[in-house]
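Here is a short walk through one structure. Follow along in the sequence and the 3D view.

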Amino acid sequence: MHESSLEHDTGGHPERAERIVAITAELGAYDWAGYELVPSPPAPDQALAAVHSEAHVQRIRRLAEGGGGWIDADTVMSAGSFVAAQHAAGGAIELVDRLLRGDAPTGFSVHRPPGHHATAERAMGFCLFNNVAVAARWALDHHGLERVMIVDFDVHHGNGTNDIFSADPRVLFVSVHESPLYPGTGPATDVGNGPGEGFNINLPVASGSGDDTFVGMIDAIAVPLVLSFAPQLLLISAGFDAHYDDPLATCTVTEDGFAAMCGLLRDAAASLAVPVAGVLEGGYGLDGLARSLRASMEALAAPAGSAVVGAGGAWGAGGAWGAGGAWTPVVRGARARVAKRWPALADS
């Protein structure tokens, strides 16, 4: 975390400083879910330049130096926004550095503004720099990794991440998102292009989708893809706006559902001794955001094989999710579609 997240002043905008205030209060009441609290450095210029054009970075810098302003109908900046965005990207890098040198098996970067809508050339959808993409590229370029996987369960499609890595087979991008919904991208037919064809896995779900669908997509598709692709680093674009109480979407995921998704990914990564880094994206109902993030952080930090128990039942050790028994027809159909390119998902 970093205090600059509070200096990105968006006024009464849904992506507002109160998000960090609510998260800090929730985590502080639970001893930070057992995590060590580490301040983030700003992202190095070369890290931003590896993902974003120089023109884009300078536009964001100049707008902040001029006191801020609206970039588009959804995205606004203040004088403190450039520094906040530097630290949001820098926090994701710092987390990756710590995980890859073996400081811990899992961790979470909790900053604003979020990032997954930002493209190489454009800020949009509340996002200035693409934090998770910057972290993934840093892992490839500075740590010599050959395979990085990004799982995005924010309710809005991570179009920026999708497009930045669309032709790069070193990065496997999996997104579960409500459709139709902003930004209108992420159809199942978008599978990447050129050498990256098949490495974009888009899993659009309908309005009203809840734990069964979101957790099922992770269990039936993302987990076996982790095992098949064998990434050296697993990144989670962790948006919590699929929560049932979020004002910007209509899905119905619970805190238990978010925790179950993180627990499933934790176990898959642990089986390969691969570190897992969560990077905060959306979530605009303050209470639901704070509770869901805490539950997810607790699940990610728990020992491999730990069950997530809540009102929806138990995940783990043969619980409500897992083993394919509770997969919905929507989940089964998506798995069959993905299996055409990833035979490891084909049912025997």
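Two packed helices are described by the angle between their axes and the distance between the axes. In this predicted model, helix α1 (residues 18-29) packs against helix α9 (residues 286-301) at an angle of about 50°. Their axes lie 9 Å apart. Angles under 35 degrees count as roughly parallel and 65 to 115 as roughly perpendicular. The angle therefore makes α1 oblique to α9. The crossing of the two helices is right-handed.

Now look at the residues that meet. From α1 come Glu-18, Arg-19, Ala-22, Ile-23, Glu-26 and Leu-27. From α9 come Leu-286, Leu-289, Ala-290, Arg-291, Leu-293, Arg-294 and Met-297. This contact holds 8 nonpolar residues and 5 charged ones, with no polar residues.

In β7, Leu-233, Leu-235 and Ser-237 point one way. Leu-234, Ile-236 and Ala-238 point the other way. Residues on both sides are buried.

Which strands pair with β7? One is strand β4 (residues 148-152), which pairs with β7 in the parallel sense over 5 bridges. There, Ile-150 stands opposite Leu-235 of β7. Another is strand β8 (residues 276-280), whose pairing with β7 is also parallel, over 5 bridges. In this pair, Ser-237 stands opposite Val-279 of β8.

Note on methods. Residues numbered from 1 in each chain as written. Predicted model: local features only at pLDDT ≥ 70, side-chain atom pairs only at ≥ 80, totals over all residues. Heavy atoms only, no water. Axes fitted to C-alpha atoms, helices over the stretch in contact; angles between N-to-C directions. Helix = DSSP H or I, 4+ residues; strand = E, 2+ residues; numbered from the N terminus. Parallel < 35°, antiparallel > 145°, perpendicular 65-115°, else oblique. Left-handed = near helix turned anticlockwise from the far one by under 90°. Contact = heavy atoms within 4.5 Å. Nonpolar A, V, L, I, M, F, W, Y, C, P; charged D, E, K, R; others polar. Buried < 20%, exposed > 50% of the residue type's maximum accessible area, 1.4 Å probe, protein only. Pairing = 2+ DSSP bridges.
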